[in-house]
Amino acid sequence: MFQPSPWRADFPAIAALQRQHQTYLDNAATTQKPQALLDALSHYYGHGAANVHRAQHLPGALATQAFEATREKVAGWLNAADAQQIVFTHGATSALNLLAYGLEAQFEAGEEIAISALEHHANLLPWQQLAKRRGLRLVILPLDSSGHIDLDAALQLIGPRTRLLAVSQLSNVLGTWQPLQALLDHARAQGALTVVDGAQGVVHGRQDVRQLGCDFYVFSSHKLYGPDGVGVLYGRPEALARLRHWQFGGEMVQLADYQQASFRPAPLGFEAGTPPIAGVIGLGASLDYLASLDPHAVVEHEAALHRHLLRGLHDREGIRVLGQPQLALASFVVEGVHNSDLAHLLTEQGIAVRAGHHCAMPLLGSLGLDGAIRVSLALYNDSDDLQRFFSALDQGLELLR
Amino acid sequence: MSLSTAAQEALDSFEQASGWEQRARLLMQWGERLSALSDEEKSDDNRVHGCESKVWLVSRQQDGRWHFNAGSDARLIRGLLALLLVRVEGLSSAELQQLDLPAWFTQLGLGRQLSPSRSNGLNAVLQRMAQLAAGG
Ligand SMILES: Cc1ncc(COP(=O)(O)O)c(C=O)c1O
C-alpha cells in the first residue's frame, strides 16, 4: 500500500533530487531543508545582513533580534528553562569539543570518564584525547545484542571515580534508543557530570532536557532540517558555570587590556567571534516549521516507514541487520557480499545510502565488521522511496550473487 | 601514447556497454583477470589506505618499465584496478607521469568513480602510482 508523506512538497530538494533520479535515504548524515528555511535565509540576506551583539544600527538590531529569537525557540524546543542555557556552536562535534576542553580543569589524574561502546567518533575522540591529556581512564560501557547499553554492566561500571558520563541518545548505526534515564540518574547520584549526544535523538520526537536531567545536551542543526554550520549546546546553569572559556576573541569578553581580560558567562562567553548568523536564523525557521506539524502524525509516519524498511530487509535472504533498530534507520550487511560492491551498485541506481563505518569504527570493529550499509529515513520519505531502494537492492544482489 | 591491445579491448567493451548493469558485469569480469596476490604481497607496506575496502598495490620496476599487480576484497574495485593496470602496464616513469589517468577512466565511462567523495580507493591508488613514478 502506498504511504505518501504529507510533508514531501515542503522540501523542494526532494523533487529536484527525484528529477536527477536520486532517492535520498541518507538522512542520518544530513537532511534536506524545508522551503521555510530557504525563505528565511533569502529574507535575511536579501533585507540586510549585519553582525550581532555589536552594532547599535538598525540592521544590527534586527539581526540580533532574529538571532536571539532562535535561542528562545531552541530553548522552547528542548524545554530548557531559559534561553541563556543555549550556546550556539558550529555543530555537535564542536559542542562536544567545547565540553572536553571547557571541563578539562574538573579532572584529576586517575579519575574516570564513561562513554558507551556505540559512540560516534564525535562523542568518543574528544573524551579519549582529554583522558590522554589528563591521565584519566576512559571506561567503555558495553552493549547487549540488541544494540542497547547493557544497563546492569553500566551501573556497575559507573561509580564514585566516574567524573563524567557521555552517551548518545539514539545510535546513528543501530537505531536504538539508549536507556538514558537510568544511566543519567545513576551517574548523577555518583556525582558525575552528564553529557547527552542528541545528534540523532533530537530529530525524532520532542526531547525534554529537564525531564532527562542531564547536565549537557548537544545536537547539530543540519540533521534537524536546519542549516549546516550550526550546533547547539544546552547546559544546566550550574554545569555551564563549571566550564572554562576555551576559544577567545570578539564579543566573548567583558573587559580587556593588553595583559588581562575577563570573560562573559554562557552563552555569549562561549560564542567567540562572529557566529553563523544566517544559519542560526535559519534554524529558527526550521523549528517554526517543525512546530507547525502534527507531532503524532510525524512519529507515526516515520514508524510505519521504519516497519516497512525492517520487513523488507528481514524478508530477504542473507541480510543481517545490526542490532534491533527501533526507528529512523537500519544498518545491514549481506552474507558473502562486500559492502563496497553493494554500495557501488546502489549508487549506480540512484539510491543515496551510506556505506562504511559511519564514524563509529570501534563499534563496527566490535561487531566483527569493517563496514555496513545504512538506510536512514526522514519525515519527507515515502514508501515509494523504500520500494525503489528494495528493487535496486534486489538487482544489485542478483548481479553480485 | 597508443593503447596496448588489452587497453584497447577494455575501451571497446566499455564504450559499447549500455547501462549500469552491463558496466558492472564488465567490471566484475575484468576484476577476475587480476592474478591473486600472495599473503606476503598483502603486506601493510603494499596496502593503500583511504579506502572503504582493502586495496593493495604491488609494484616492480624492471629495465626502467613498471609492472604492477593489485588486489582488493571488493569485486568492483578489483575491476577498476584491472582497468587501471591494463593502461599502465610496462610504462616508464616518464610515461606514467605524463599519463592522464582520470581521462582514461572518463573514456571508459567510469569517471564518477574518481569523484572526491568516493572512498573506493581508486584515487588513493592513483596517488600512490604518481609517487612511485616520481621516485618518491
Ligand atoms: C550520534 C552522532 N553524534 C555526533 C555527530 C556529529 O555531528 P556533526 O558532524 O554535525 O558535528 C553525528 C553525526 O553523524 C552523530 O550521528
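This is a predicted model: local features need pLDDT of at least 70, side-chain atom pairs count only at pLDDT 80 or more; totals for chains, interfaces and linings use all residues.

Helix α11 of chain A runs over residues 295-315, 21 residues in total. From the first C-alpha to the last, α11(A) reaches 30 Å, close to the 30 Å expected at 1.5 Å a residue. At the start of this helix, a side-chain oxygen of Asp294(A) comes to within 3.0 Å of the backbone nitrogen of His296(A).

Chain A as a whole contains 14 helices and 15 strands. Its radius of gyration is 22 Å, close to the 21 Å given by the globule rule for 401 residues, so chain A is as compact as a globular protein of that length. Along the principal axes, the C-alpha trace of chain A spans about 70 × 55 × 35 Å.

The following table gathers further values for the chain.

| Property of chain A | Value |
|---|---|
| Buried residues, of the 401 residues | 57% |
| Contacts joining residues at least 24 apart, among those between residues at least 6 apart in sequence | 71% |
| Accessible surface | about 16200 Å² |
| Part of the accessible surface belonging to carbon and sulfur atoms | 52% |

Methods. Residues are numbered from 1 along each chain as its sequence is written. Chains are lettered from A and ligands numbered from 1 in the order in which they are written. Side-chain values use heavy atoms; hydrogens and water are left out. Helices (H or I, at least four residues) and strands (E, at least two) are DSSP runs, numbered from the N terminus. The expected span of a helix is 1.5 Å times one less than its number of residues. A polar contact is a pair of N or O atoms within 3.5 Å; within protein, one must be able to donate a hydrogen and the other to accept it, and residues adjacent in sequence count only if both atoms are side-chain atoms. The radius of gyration is taken over C-alpha atoms; the globule rule is 2.2 Å times the number of residues to the power 0.38. Buried means under 20% relative accessible area, exposed over 50%, partly exposed in between (1.4 Å probe, protein chains only). Contact means heavy atoms within 4.5 Å. Accessible areas come from the Shrake-Rupley method with a 1.4 Å probe; for residues, only the protein chains shown count as cover.
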